[in-house]
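Thank you all for coming.

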Amino acid sequence: MNIAVCDDNVIFLNEFVKEIEKITNNEHQIIKFETAEALLETVKNYSEDCIDLVITDIELPGYNGIEMAKILREQCPRIQIVIVTNYTDYIEDAFSVEPIHYILKPINYEKLK
């Protein structure tokens with residue numbers, strides 16, 4: 001499984017990826033992105049099978065996480081999306097992209113498992 005993690009907070013991004021690696025026992029490829037544009041460009045340049053799961057923040061520079069997820073849904077309808085954010089204000093909008101989960105920061109890593 002290829003997992004894309006997108007968050008503009010580099011410290012959180014690196015910590016979060018380390019935790020995911022622990023949870024998955026390094027059995028999956030995890031690709032880090034600091035912007036939605038970088039993630040979208042990667043998907044555009046490869047087949048629709050290049051990423052299976054996207055874990056994204058909502059508050060990103062440029063496209064926000066929900067806008068990015070809408071584009072991803074058009075390009076790769078089977079992609080799974082998890083939204084990780086500090087904000088509850090976006091819950092209703094997030095459902096438009098059918099995420100499999102909406103996780104609030106700070107992350108409870110036991111619950112994440």
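I will begin with the sheet, go on to a helix, and end with the cysteines.

Please keep in mind that this is a predicted model, in which local features need pLDDT of at least 70 and side-chain atom pairs count only at pLDDT 80 or more, while totals for chains, interfaces and linings use all residues. Residues are numbered from 1 along each chain as its sequence is written, and side-chain values use heavy atoms, with hydrogens and water left out.

Helices (H or I, at least four residues) and strands (E, at least two) are DSSP runs numbered from the N terminus, and two strands pair if DSSP finds at least two bridges between them. Five strands form an open, parallel sheet in the order β2-β1-β3-β4-β5. Because β2 (29-33) and β5 (101-104) each have a single partner strand, they stand at the edges, with one side left without a neighbour in the sheet. Strand β4, residues 80-85, pairs with β5 in the parallel sense over four bridges, and V82 has H101 in β5 as its bridge partner.

Helix α1, residues 10-24, packs on this sheet, touching β1 (2-6), β2, β3 (53-56) and β4, where contact means heavy atoms within 4.5 Å.

How many disulfides are there? With a disulfide taken as a pair of cysteine sulfur atoms within 2.5 Å, the count is zero. The sulfur of C6 lies 14 Å from the closest cysteine sulfur, that of C50, which is too far for a bond. C50 is in no disulfide either, since the nearest cysteine sulfur, in C76, is 6.2 Å away.

Methods: Axes are lines fitted to C-alpha atoms, for helices over the stretch in contact, and angles run from 0 to 180 degrees between N-to-C directions.
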